[in-house]
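User: I would like to go through this model and ask, for each label, what it rests on.

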Amino acid sequence: MKTIIITGPSGSGKTYLSKKISKLFNNTIVIKTDSYYKDNIFIRFLSILQYDIYDRPMSFKKNEIKKTLRSLYNKCRLISFYKYDFKRKHSSKSEGSINYEGENQLLIVEGIFAHRLDLNYNETINIICKEEKDICFKRRLKRDQLERGRDSREVHKKFNKSWYLYYENVQKYLNNFEVLSINPLDMISYDQLVLYLQKKTN
């Protein structure tokens with residue numbers, strides 16, 4: 001099973017790109033790091049005092065997502081998945097059955113923490129989504145107002161901090177591994193990515 005890592009700052013098109021790839025390559029499995037946020041009392045309390053807590057690795061279940069990935073690599077039939085409700089700040093767990101289809105099946109791990117999972121990134125296909133900051137903010141604003149019940153002032157504050165934290169922490173990943181840079185809405189770079197993935201999966 002080939003693993004694709006899709007990372008990038010908030011609003012850069014990670015989810016959009018993962019959906020496009022999963023539609024193109026049949027039976028692709030997508031894991032979102034956003035689904036693995038913690039909802040314990042400690043994190044809830046910190047979220048009141050520290051507005052950027054959800055942009056820091058301590059806020060998500062790193063061990064749980066690694067267990068999920070390990071189960072997928074071992075081709076377990078029943079896999080534990082998580083889902084996070086941002087409005088209620090509540091995490092739920094469920095089990096799903098996976099259909100494994102040959103050696104060329106793709107596993108996509110996407111999210112702002114996808115490059116910080118202690119995986120062997122020399123063996124994964126690494127992608128960073130890049131877009132202009134103001135465009136990313138507009139996307140984040142629309143999403144957070146609709147899906148997470150946040151007002152524009154709160155979104156602006158969180159976005160600026162998350163942008164800074166992301167690029168502060170992604171440099172080591174970019175310097176140490178082969179990473180493809182793509183704007184998901186740029187059809188030329190997307191088509192080149194598709195050709196690259198087709199070569200990798202054949």
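Analyst: Strands here are DSSP runs of E with at least two residues, numbered from the N terminus. The model is a predicted one, and in it I125 is found in strand β6, which covers residues 125-129.

User: Why is I125 called buried?

Analyst: Buried means under 20% relative accessible area; I125 has 8% relative accessibility, and therefore I125 counts as buried.

User: Which residues is I125 in contact with, leaving aside its neighbours within four places in sequence?

Analyst: With contact taken as heavy atoms within 4.5 Å, the partners of I125 are T3, I4 and I5, together with Y196, L197 and K200. D85, by comparison, is 40 residues from I125 in sequence, and the C-alpha atoms of the two are 29 Å apart in space.

User: What makes the chain as compact as a globular protein of its length?

Analyst: The elements run β-α-β-α-α-β-β-β-β-α-α-β-α from the N terminus on, which comes to six helices and seven strands. The radius of gyration of this chain is 17 Å, and the globule rule gives 17 Å for 202 residues; the two values are close, so the chain is as compact as a globular protein of that length.

User: How many of the contacts between residues at least 6 apart join residues at least 24 apart, and what part of the chain is buried?

Analyst: Among contacts between residues at least 6 apart in sequence, 74% join residues at least 24 apart, while 47% of the 202 residues count as buried. The chain exposes about 11100 Å², of which carbon and sulfur atoms supply 50%.

Conventions:
Residues are numbered from 1 along each chain as its sequence is written. This is a predicted model: local features need pLDDT of at least 70, side-chain atom pairs count only at pLDDT 80 or more; totals for chains, interfaces and linings use all residues. Side-chain values use heavy atoms; hydrogens and water are left out. Helices (H or I, at least four residues) and strands (E, at least two) are DSSP runs, numbered from the N terminus. The radius of gyration is taken over C-alpha atoms; the globule rule is 2.2 Å times the number of residues to the power 0.38. Buried means under 20% relative accessible area, exposed over 50%, partly exposed in between (1.4 Å probe, protein chains only). Accessible areas come from the Shrake-Rupley method with a 1.4 Å probe; for residues, only the protein chains shown count as cover.
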